[in-house]
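Hello,

Here is the structure I promised to pass on. My notes follow below it.

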Amino acid sequence: MRFSHLLTMPAIQSPATEEIHPDVALVARAKAGDTAAFEQLVRQYERQIFRVAQHITQNREDAEDITQDAFLKAYEKLDQFQGNSKFSTWLVRIAVNESLMRLRKRKTSKTVSMDEDVKTEEGSIPRDFAEWRPNPEQQYNQAELADILRKTIQGLPPGFRSVFTLRDVENLSTEETAEALGLSVPAVKSRLLRARLQLRERLSRYFRKKQEGQPA
Amino acid sequence: MNCTDLLSHLSDYFDEKLSPKLLEEIRTHTAGCQHCRVVLNTTEQTIHVYKGKEIYEVSDELRERLHTAIMTKCFASKRKS
């Protein structure tokens, strides 16, 4: 059962202690013209930025271009980074904006904004009530599972995909996700819930407990 | 709490931001509602199965190519300014 933490979860979490993020010193050095410091920041975040761009655009070549453009833009606008947010959140926001611009330019894309595709409730109301047994990692090997997860997330509208990717794949906090996407915290929460429910519904096709006599 | 109420609290539930009172209400509801119990379990598994997964492979070769291209562009931009 997965409810054990219902009873054990602490009601009040202790406030986080303020720690200075190691990026602060690197950013300060980069602003002062230290290119090695900027290169270290690039090394730290290039994979993440590429993954975010690929998740949003669903196109490898676009993701490569966006990653390069996002870092170039960050480098050129480093003086404008005030340090009110984490450097990585600022960088993700640049990459998200570049990715959405790329989607808008794509003639084949039906979706041109983060808002147009999230108005429908379609797919957000649970319809599949079968347990997943055995669990997905037991049912499929790593490559098969990655293929299923890729196909499934591709089916989500970009407005949901972006929120889910930042929050649940890249582990940004709700506040950081809101900042990176230029959304309010309630909007992130609402989209995240619907994204999670839509993905659950779609994944159930693969992971639901098979009925007796049904092929695996 | 009914099924619709439970759905509206799901994200806060997974983010561990619910009050003890609401947690207790969810526990009571799911104890008697098979559908909500399944939705809660499988949504939790959905989050778990994606968390931290690199479903788009970034090979070392791609990473090096990207890194070189990024730094080349940045240095060129610095020279121009």
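**Helix α2 of chain B**

The buried residues of α2(B) are B:Leu23, B:Ile26 and B:Thr30. Seen down the helix axis, these fall within an arc of 60°, so they line one face of α2(B). The arc is taken over the directions from the helix axis to the C-beta atoms.

The helix covers residues 20-32 of chain B, 13 residues in total. From first C-alpha to last, α2(B) reaches 19 Å, close to the 18 Å expected at 1.5 Å a residue. That expected span is 1.5 Å times one less than the number of residues.

**How to read the model**

This is a predicted model: local features need pLDDT of at least 70, side-chain atom pairs count only at pLDDT 80 or more, and totals for chains, interfaces and linings use all residues. Residues are numbered from 1 along each chain as its sequence is written, while chains are lettered from A and ligands numbered from 1 in the order in which they are written.

**Chain A: domains**

Chain A has 10 helices and 0 strands. Helices (H or I, at least four residues) and strands (E, at least two) are DSSP runs, numbered from the N terminus. Of the 216 residues in chain A, 36% are buried.

Chain A divides into domain 1 (23-105) and domain 2 (125-207). The bounds come from an automatic or database domain assignment. Taken over C-alpha atoms, the domain centres are 24 Å apart. Domain 1 of chain A puts 12 residues into the contact, and domain 2 of chain A puts in 11. Contact means C-beta atoms, placed from the backbone, within 7 Å. On the domain 1 side, α5(A) gives the most, with 5 residues.

**Chain A: core**

The largest nonpolar core has 59 residues. Such a core is a set of buried Ala, Val, Leu, Ile, Met, Phe, Trp, Tyr and Cys residues joined through C-beta atoms within 7 Å. Those touching the most other members include A:Ile49, A:Leu91 and A:Phe164. α3(A) gives the most to this core, with 9 residues. Both domains of chain A give residues to the core, so it lies between them.

Which residues does A:Leu91 contact, leaving aside neighbours within four places in sequence? They are A:Tyr45, A:Ile49, A:Ala70 and A:Ala74.

Best wishes

Notes:
Buried ≥ 20, exposed ≤ 12 C-beta atoms within 10 Å, placed from the backbone. Contact = placed C-beta atoms within 7 Å.
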